[in-house]
Amino acid sequence: MPRLAFAQSFWDGYDTLDKQVRTGVRKAMAKFQALSVAELNADKGLHLESVENARDPRMRTIRVTDFWRGVVLAPDDGSDTFLLVNVLPHDDAYTWAAKRLYSANTATRALEVRNAVALDELTPLYETAARSAPELLFDGVSDGTLRELGIDDQVLRAARSMVDKAQLEAFATLLPEDQLEVLQYLAEGFSPEEVYRDVVAVRRPADAPAEPVEDLATVIANTSARIRLVTGPRELEEILAKPFAAWRIFLHPSQRRVAYRTSYGGPVQVTGGPGTGKTVAALHRVKHLLGRSDDSRVLLTTYTNALAAGLRDMLGLLLDDDDKQLSRVDVTTVDAFANSVVRAATPQGAAKPLGDREQRQLWEKVIRRLGLPFTAQFLAQEYRHVVLGQDLRDLDAYLAANRRGRGTGLGPSRRREVWRGVERFEELLRDRGETTHLRICARAADLLAAGTAPYDHVVVDEAQDLHPAQWRVLRAAVAPGPDDLFVTGDPHQRIYDSRVSLGSLGIPTAGRSFRLRVNYRSTEEILAWSAALLTPVTVEALDGEGADTLAGYRSLLHGGRPRVQGYGSRHEETEALVERVKEWLAEGLAPQEIGVCARFNLSLDAAESKLRAAGIPVVRVKGQGAQGVEGVRLATMHAMKGLEFRAVSVLGVAEGAVPFAREITPREADPLQHEADLLRERCLLFVACTRARESLSVTWSGAPSPFLPEVG
Ligand SMILES: Nc1ncnc2c1ncn2[C@@H]1O[C@H](COP(=O)(O)OP(=O)(O)OP(=O)(O)O)[C@@H](O)[C@H]1O
């Protein structure tokens with residue numbers, strides 16, 4: 001009996017096929033599992049036939065319905081795996097199939113596909129232009145090196161005609177997948193050795209023979225990043241019946257490498273720009289850890305309750321709703337976990353946490369009562385960054401502390417005054433039966449450290465915004481050792497003012513740091529525009545050691561450029577928003593696939609009433625998610641963290657609002673804090689813009705935000 005496999009190119013369009021076509025696919029595929037090769041060839045209903053003038057002689061079409069055809073790659077070397085690569089309307093299927101050529105990559109040994117016809121047509125045009133170019137994109141890399149990295153004749157010729165990265169991107173959809181990635185890495189300036197390590201070695205099977213002559217079945221088996229082999233009728237039925245989530249099956253080799261490494265000697269750090277699949281990698285790591293033993297317990301944390309709810313759903317999907325495994329994972333936020341630890345230890349009732357605004361008011365009270373020469377903002381920051389950040393418990397510790405990151409010096413007498421304020425602040429909290437989230441964390445870390453660690457593994461998503469007090473909770477939740485912590489985050493998305501040095505918190509990740517570079521969410525156009533927002537600044541690494549960069553960060557998707565536009569008044573801007581949302585709906589987007597965000601809730605109020613007046617359903621996203629409810633999502637930029645939408649409109653990107661003037665410490669008061677505040681606001685805009693998958697619109701009224709690259 002032949003074997004059956006599905007290529008990612010098939011799944012890309014599967015969810016949009018209508019029911020009748022899907023049923024046709026199911027029936028046709030079932031035949032591949034029931035009939036012999038000879039019977040398949042003879043089957044009248046299936047009508048397996050070759051494609052005239054096909055570049056790849058193995059191309060076949062099959063009948064799915066009267067109007068739809070499947071495109072199948074059939075083995076011609078005696079091997080037995082058939083690969084379904086696409087399902088298209090009749091004529092499109094033939095045109096698509098005729099142009100495609102499948103081949104085994106000589107370096108990675110994986111199956112790749114190219115548009116051979118378009119490459120042949122396009123390359124000579126570029127070659128003509130290249131002859132007069134002063135410099136070519138791959139001048140610095142020899143033919144021999146390119147061949148060692150798997151570049152073959154046709155791709156080499158195309159590569160030699162390219163003058164810049166934009167040209168490489170123009171070829172992107174035509175080139176074979178692994179070879180394209182090699183060229184993209186080289187174009188970003190990575191050395192051939194780095195490219196071999198990051199692109200070739202991670203894919204190439206350990207037991208690959210020296211000579212790359214292998215049958216189609218072997219090559220298909222080598223391509224787990226893009227092809228799914230189906231073993232039996234039940235599996236076939238299952239995968240075709242469920243909505244297909246590609247991230248469950250097709251991991252990028254760099255994701256697979258980090259998620260499924262059998263074991264790590266200690267804490268692991270995975271970084272990567274927005275949409276590079278860090279959350280996906282974290283979920284797969286949880287799956288791997290659960291599969292390694294029958295009784296281990298895992299804590300999976302993220303930043304907000306809404307994100308935790310989303311993670312729980314995704315984990316259910318990934319684990320096929322296996323209740324036994326799911327019962328061994330707690331999915332929550334660090335604050336909620338810390339709260340539960342403290343509550344369990346405080347039967348008389350735990351203190352209630354205060355929000356930022358209430359804390360600020362309390363600091364004002366302390367200043368008034370003690371006549372302290374500081375602002376409430378200064379004391380709140382000093383308390384957060386220095387006292388709680390370094391877990392300072394008494395005056396002596398504070399007097400001896402290194403106030404790294406604070407831009408104003410404080411001599412001993414000033415520090416004594418601050419400490420008086422801290423003591424009074426904590427006293428007031430105690431008297432009122434109140435506390436703060438960070439103080440709850442400090443208490444939870446103490447409690448955990450005094451007992452047996454409750455988890456075998458801790459997996460942390462959205463790690464970039466955690467405060468040292470929160471890291472101490474996580475550190476104490478699992479005993480130090482192999483596979484204790486697996487941490488994913490992006491320091492470019494740091495939107496709360498947290499400064500950490502993971503090593504000094506007992507979470508050393510040196511030698512176990514990995515980076516994801518391929519964005520699966522947004523188009524290259526959205527990515528490039530958003531990344532430019534961060535060009536002027538340097539961002540501190542996730543572990544606090546040195547700087548991080550977005551080098552090599554790229555997308556495989558393409559679309560329209562972001563629309564960036566100013567308006568004369570807020571009224572006009574909101575009117576334009578309504579028109580844009582209507583356009584997106586008319587293009588076929590569901591309301592919940594559209595996100596609208598702004599720096600302030602107040603700006604969203606106006607947008608909400610205008611959208612409602614136009615008859616468009618709207619849902620406000622706050623602490624909790626709103627899964628399953630129909631409506632355009634409205635959220636502040638902060639609440640957009642971790643979410644994604646097919647289309648996003650970022651409103652009110654105006655001077656005074658982004659950055660929000662009130663949130664910026666004056667330069668004279670503290671130059672370092674001033675810079676940190678500006679960076680945080682810049683990253684906030686970056687986070688908001690990188691939530692968009694296909695369409696991004698950025699608007700303002702009055703003067704534009706100084707962060708906007710094209711108009712600022
Ligand atoms: N291997 C994959 N195949 C297909 N889709 C993927 C893959 N990995 C990630 N994705 C998709 O890309 C999008 C972004 O992934 P994810 O949320 O994991 O990224 P992230 O790095 O955590 O993003 P952010 O930092 O912006 O929150 C999601 O829609 C996810 O399903």
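User: By class, how many nonpolar, polar and charged residues does the shell around the ligand have?
Analyst: The model in question is predicted. Sorted by class, the shell around the ligand holds seven nonpolar, 10 polar and four charged residues.

User: Which element supplies the largest share of the shell around the ligand?
Analyst: At least two residues of this shell come from each of α13 (246–249), α15 (278–292) and β17 (518–523). The largest share amounts to three residues, and the element supplying it is α15.

User: Which of the 21 residues around the ligand come nearest?
Analyst: The shell draws on several elements, including α15 and β17. Of its 21 residues, those that come nearest to the ligand are Pro274, Gly277, Lys278, Thr279 and Tyr520.

User: Why is strand β15 (residues 485–489) largely enclosed by the rest of the structure?
Analyst: In a regular strand, side chains alternate between the two faces of the sheet. In β15, Leu485, Val487 and Gly489 point one way, while Phe486 and Thr488 point the other way, and all are buried. Strand β15 is therefore largely enclosed, because the number of its five residues that are buried is five.

User: Which residue in β15 stands opposite threonine 271?
Analyst: Strand β9 (residues 268–272) pairs with β15 in the parallel sense over four bridges. Within β15, the residue opposite threonine 271 is glycine 489.

User: Through which helix does the chain cross from β14 to β15?
Analyst: Strand β14 (residues 457–460) and β15 are also paired in the parallel sense, over three bridges. In this pairing, valine 458 has leucine 485 of β15 as its bridge partner. The β-α-β crossover from β14 to β15 is right-handed, and the chain makes it through helix α24 (residues 468–477).

Note on methods
Residues are numbered from 1 along each chain as its sequence is written. This is a predicted model: local features need pLDDT of at least 70, side-chain atom pairs count only at pLDDT 80 or more; totals for chains, interfaces and linings use all residues. A residue is buried if 20 or more other C-beta atoms lie within 10 Å of its own, exposed if 12 or fewer, and partly exposed in between; C-beta atoms are placed from the backbone. Two strands pair if DSSP finds at least two bridges between them. A crossover is right-handed if, with the strands pointing away from the viewer, the path from the first strand over the helix to the second runs clockwise. A residue is near a molecule or strand if its C-beta atom, placed from the backbone, lies within 6 Å of it. Ala, Val, Leu, Ile, Met, Phe, Trp, Tyr, Cys and Pro count as nonpolar, Asp, Glu, Lys and Arg as charged, and the others, Gly among them, as polar.
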